[in-house]
Structures are given as C-alpha cells and as structure tokens.
Amino acid sequence: MISIGQRIKQGREKLGLSQEQLALIMAKKGKGTISNWETNKNEPSIAEFKKLAELFSTTAAYLIGETPQFEEPQENYVMVKKDDLIELQKKALERESEKNRELLDLLEQSKKSEENEA
C-alpha cells in the first residue's frame with residue numbers, strides 16, 4: 001500500500017513543485033518539513049492535510065490512505081447530502097410507479113377494445 005509520504009510526493013510532483021516550493025506554499029521554513037513528510041518521519045497536521053488536499057485537487061482522506069483517489073477530476077462529481085439523495089430516489093421511484101400504472105391502464109384498455117371488437 002502506498003504511504004502518506006508517497007501520496008504527498010506524488011501530489012507535489014504532479015504539480016511540478018520542488019520541496020522548496022511546496023514548503024513556501026505551506027508556509028514552512030524550508031524543505032526539511034516536506035522531506036520529513038515524504039519520508040514518513042513526520043505527518044502534516046489536520047489543517048495541513050486539508051490544505052495539501054485542496055492544492056492537489058484530492059481529499060484529505062485520500063492523502064491518509066482511507067479512500068481511493070477520484071479517477072476523474074473532482075469537478076465531475078456532485079456532493080449531495082444523504083437525506084436529499086434519499087428524497088430524490090423516492091421521487092424517482094414514485095414517477096416510475098406512475099408511468100407503470102399508466103402503461104398498465106393502456107394495456108387493459110387495449111385488451112378491452114380487442115374483446116369488444118371480437
């Protein structure tokens with residue numbers, strides 16, 4: 001499994017940043033802090049993880065190894081609250097049920113028409 005330090009290094013390299021440049025962005029005195037993160041000697045604080053995640057266009061959870069990185073850019077995803085998603089699913093099921101009822105009614109009407117013609 002890829003380590004936290006390796007994920008930080010990959011993110012930095014993906015942006016084409018040196019350790020010195022990342023240190024400046026992260027308001028660190030020098031590249032030593034970044035080097036220690038990348039070699040797993042130390043870890044960033046929660047606030048630093050959040051800042052790194054934003055900079056690398058990923059999530060703090062990905063950086064600490066809890067979730068896979070988005071395969072697509074984050075802007076292709078929509079964040080929806082669980083309750084809102086459940087409500088949307090209920091509405092979709094209700095609409096589907098209404099359409100099914102309409103189709104059944106049409107089918108029954110068609111059968112009645114055929115019976116009356118026979």
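Is Val78 buried or exposed? Val78 counts as exposed, because its relative accessibility is 70%. Exposed means over 50% relative accessible area, buried under 20%, and partly exposed in between, with a 1.4 Å probe and protein chains only. The place of Val78 is the loop between α5 and α6 (82–117). Helices here are DSSP runs of H or I with at least four residues, numbered from the N terminus.

The structure is a predicted model, in which local features need pLDDT of at least 70, side-chain atom pairs count only at pLDDT 80 or more, and totals for chains, interfaces and linings use all residues. Residues are numbered from 1 along each chain as its sequence is written, and side-chain values use heavy atoms, with hydrogens and water left out. The predictor's confidence in each residue is its pLDDT, from 0 to 100. The protein has a mean pLDDT of 90. Of its residues, 92% reach 70 or more. Among the elements, α3 has the highest mean pLDDT (97), and helix α5 (residues 60–63) the lowest (91).

Val78 also belongs to a nonpolar surface patch. Val80, Leu85 and Leu88 make up the patch with Val78, and its area is about 380 Å². In such a patch, residues have over 30% relative accessible area and no salt bridge, and nonpolar side chains are joined within 5 Å.

Glu38 is found in helix α3 (residues 31–38). Glu38 counts as buried, because its relative accessibility is 10%. Contact means heavy atoms within 4.5 Å. Not counting residues up to four places away in sequence, Glu38 touches Gly5, Gln6, Ile8, Lys9, Arg12 and Gln19. A polar contact of 2.5 Å joins its side chain to that of Arg12. A polar contact is a pair of N or O atoms within 3.5 Å; within protein, one must be able to donate a hydrogen and the other to accept it, and residues adjacent in sequence count only if both atoms are side-chain atoms.

Arg12 lies in helix α1 (residues 4–14). Arg12 is buried, because its relative accessible area is 8%. Leaving aside neighbours within four places in sequence, its contacts include Leu17, Leu22, Ile34 and Phe56.

Two loop residues concern the backbone. Most residues other than glycine have a negative phi. Ala27 has a positive phi, near 60 degrees. Ala27 is in the loop between α2 (19–25) and α3. Ser57, also not a glycine, has a positive phi of about 55 degrees. The loop between α4 (46–55) and α5 holds Ser57.

Methods
Patch = residues over 30% accessible without salt bridge, like charges linked within 9 Å, V, L, I, M, F, W, Y side chains within 5 Å. Areas by Shrake-Rupley, 256 points an atom, 1.4 Å probe, with all protein chains shown as cover. Salt bridge = Lys/Arg side-chain N within 4 Å of Asp/Glu carboxyl O.
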